[in-house]
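Look at the structure, then read on.

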Amino acid sequence: MENSEGVKIESTVVTEEPLISALDIALFVVIITVAYFWYFERDKQSSSSEKKPYTIQPSSLSSIEQTSNSSFIKKLKSTGRSLVVFYGSQTGTAEEFAGRIAKEGARYKMKGMVADPEECDMADLVEMKEIQKSLAIFCIATYGEGDPTDNAMDFYEWLQNGDADLEGLNYAVFGLGNKTYEHYNEIAIYIDQRLEELGATRVHEIGLGDDDANIEDDFVSWKEKLWESVCSHYGIEETGEESNIRQYKLVDCSEVLPERIFSGEISRLKSYENQRFPFDVKNPYLSKIAVNRELHKSGDRSCMHIEFDIDGSKMRYDTGDHVAVYPKNSSELVDKIGELLNADLDAVFSLLNTDEESSKKHPFPCPCTYRTALTYYLDITSNPRTHIMKELIEYASDPKDQEKLKLMASSTPEGRKEFHEWILRDNRNIVHILEDLPSVKPDLDHLCELLPRLQCRYYSISSSPKVYPKSIHITAVLVNYTTPTNRVNKGVATNLLAQLIPTNDELPQPTIPIYIRRSQFRLPPKSQTPIIMIGPGTGLAPFRGFIQERDYARKEGREIGEMVLYFGCRKKDEDFIYENELQEYVANGTLTKLHLAFSRDQPEKKYVTHLLEQNAVELWNIIGEKSGHLYVCGDARSMAKDVHSIIVKVVMEKGQMTNSQALNYVKKMEQQKRYSADVWS
């Protein structure tokens with residue numbers, strides 16, 4: 001009966017229930033909420049990942065697997081190694097140095113491995129003491145305005161925020177920096193000091209490499225003394241001469257299907273055919289060149305205004321950001337290497353790491369043809385380092401060529417002098433070396449292993465996304481110069497860009513891979529804040545974006561602060577770039593003052609620094625009395641340093657301060673982001 005009554009009651013309830021029950025409504029609300037969250041929050045995450053400045057996508061499945069299995073301690077123990085060399089690298093030099101140190105460890109009975117801190121759980125450093133006679137070496141570059149490299153960011157933050165007990169960890173640090181920048185080797189110095197604070201033992205004093213001078217000399221000198229300290233610390237002796245052991249082995253890939261062969265992609269196979277957002281250093285966007293026009297009015301130099309089309313890419317940039325351009329080497333140089341080495345450039349090959357535990361299986365995307373490797377992946381135009389000279393010795397059949405290479409590979413004063421004069425001063429690249437030492441015929445696969453990776457080139461974006469949301473503008477000077485050996489060297493990226501001229505017909509428009517690199521070079525949050533911009537030559541680029549953004553705000557009816565621009569070039573009628581635009585901004589009131597210096601339009605040279613000295617009252621009025629912002633863009637070696645000295649002098653005189661007080665004032669401006677520099681050497 002109860003069962004029957006239950007059925008009856010249930011039936012009665014069903015017949016009396018409304019068409020849509022409360023439960024149905026609740027379920028509907030839940031479904032809508034989930035759908036909303038999935039759609040909109042996912043979009044937000046895509047957006048935020050796009051804006052995150054330090055994101056590097058895994059280059060392959062093997063990288064993902066290595067990241068999930070990130071214990072370098074386990075790898076050291078399982079393979080009987082005691083030396084690990086970490087690198088923080090933005091351009092590849094620190095990674096190259098790390099590889100050379102790890103390789104040399106064998107001479108001192110220390111089997112080594114190279115490790116990317118981004119792929120490791122750096123908290124495992126506390127366990128290094130469990131490995132007998134262990135040593136951790138850090139090759140760390142400082143990048144930007146005293147920033148860690150992308151792949152060292154997490155490690156840097158871990159050191160800053162953590163308090164791990166690193167007693168028992170033996171370490172040494174080599175820094176890579178540039179003295180023309182204010183924050184010279186700041187990250188390496190911090191890591192060296194912080195490791196000691198956490199209880200680690202410094203085996204050898206920090207090395208500071210200066211890329212503005214000869215960083216190779218700095219590294220080699222430090223490395224030699226490092227091994228002396230290592231031998232003393234551990235009571236070991238060098239085992240003998242280092243042999244040229246290959247890090248990668250050649251794999252014949254002639255039978256690989258064409259669709260499995262890389263043809264210039266940075267990471268993912270066929271990534272240029274099947275573009276996927278988000279776009280970054282490992283996954284650049286193949287952008288069409290929308291505009292490519294000459295900015296110089298006359299003369300024998302060229303400055304290009306180029307616009308990259310990003311419509312539909314979901315890429316977003318902020319005023320002051322940089323755009324990275326992936327170049328390729330000229331076919332003329334690539335063909336020359338093939339001729340000099342009598343090699344089949346269209347043969348398909350792969351280089352496979354002989355260290356099975358390494359997360360880096362290949363030095364560049366493999367398999368590919370030699371032509372692809374030399375065109376897209378390898379740097380064949382820069383000056384080779386001394387370790388390449390050493391590796392080339394065995395391929396020289398002429399005793400004179402052998403002796404020359406041996407001398408340049410040595411660390412003697414005579415060897416360093418010869419390397420500096422013959423390679424650096426005469427500006428020889430690998431093609432020139434093979435031409436001038438005709439008996440040197442290295443195996444092409446070995447040469448591909450030795451040469452560094454071709455790096456992307458960064459340009460300050462010269463547009464505002466408020467005005468140009470679907471395009472990115474750059475301002476680039478074409479680089480061509482004659483070397484002391486009467487060879488013409490050409491800038492890899494600018495000479496490629498000069499050839500990419502869009503057409504008005506139906507033909508496919510020229511394209512080039514790009515991605516956006518975030519910058520700290522930003523306008524003040526409030527549009528009313530007055531600013532001073534100092535940008536001679538192409539240093540004007542980011543300020544063109546700044547002015548566009550303020551002009552946009554003014555047209556919207558918002559109040560904008562004073563904008564003062566200092567611009568300089570050689571001759572008004574020759575290289576005054578964007579002249580009409582700037583004059584228009586002055587006329588409509590967006591640009592308050594335009595100070596111009598044409599260095600060669602009068603007998604005595606006149607630069608923006610001369611104008612700054614003449615306008616001390618105006619400078620102090622904006623940066624002192626009105627708490628305005630000051631920006632510098634351009635040459636770091638001389639212009640930016642001179643500007644800094646002038647600003648300190650102005651603060652002293654007009655702010656009535658002592659030299660130390662003025663220096664502290666300017667330092668505080670930098671800390672508050674009121675004094676920003678976007679400079680290059």
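**Spaces inside a predicted model**

The structure holds one cavity of 30 Å³ or more. Keep in mind that this is a predicted model. Rolling a probe the size of a water molecule over the atoms shows where empty space is left.

**The largest cavity**

- The volume of the largest cavity is about 80 Å³.
- Twelve residues line the largest cavity. Nearest its centre are Lys-75, Ala-115, Asp-116, Cys-120 and Ser-359.
- Helix H4 (72-78) and strand E2 (112-115) each supply at least two residues of this lining.
- Strand E2 gives the most, with three residues.
- By class, the lining of the largest cavity has five nonpolar, three polar and four charged residues.
- Where does the largest cavity lie? Domain 1 (72-234) and domain 3 (328-454) both give residues to its lining, so the largest cavity lies between them.

**The second largest pocket**

- The second largest pocket holds about 370 Å³ of space.
- Its lining counts 20 residues. Tyr-272, Leu-286, Lys-328, Tyr-376 and Pro-513 lie nearest the centre of this pocket.
- Strand E18 (residues 511-517) gives the most to the lining of the second largest pocket, with three residues.
- Twelve residues of this lining are nonpolar, four are polar and four are charged.
- Domain 2 (275-327 + 456-519) and domain 3 (328-454) each supply at least three residues to the lining of the second largest pocket.

- Find strand E3 (residues 135-143); Thr-142 lies in it.
- Is Thr-142 buried or exposed? Its relative accessible area is 16%. Buried means under 20%, so Thr-142 is buried.
- The side chain of Thr-142 reaches the backbone nitrogen of Glu-186 at 3.2 Å.
- Which residues does Thr-142 touch, not counting those up to four places away in sequence? They are Asp-147, Leu-176, His-183, Asn-185, Glu-186, Ile-187 and Ala-188.

**The whole chain**

- The chain has 681 residues, and buried residues make up 51% of them.
- It contains 23 helices and 23 strands.
- Take the contacts between residues at least 6 apart in sequence: 76% of them join residues at least 24 apart.

Technical notes: Residues numbered from 1 in each chain as written. Predicted model: local features only at pLDDT ≥ 70, side-chain atom pairs only at ≥ 80, totals over all residues. Heavy atoms only, no water. 1 Å grid on protein atoms, 1.4 Å probe; cavity = no way out; pocket = protein on both sides within 12 Å on 5 of 7 lines; lining within 4 Å. Points joined across faces, edges and corners; volume = space filled by probe spheres on them. Helix = DSSP H or I, 4+ residues; strand = E, 2+ residues; numbered from the N terminus. Nonpolar A, V, L, I, M, F, W, Y, C, P; charged D, E, K, R; others polar. Domains from an automatic or database assignment. Buried < 20%, exposed > 50% of the residue type's maximum accessible area, 1.4 Å probe, protein only. Polar contact = N/O pair within 3.5 Å; in protein donor to acceptor, adjacent residues only side chain to side chain. Contact = heavy atoms within 4.5 Å.
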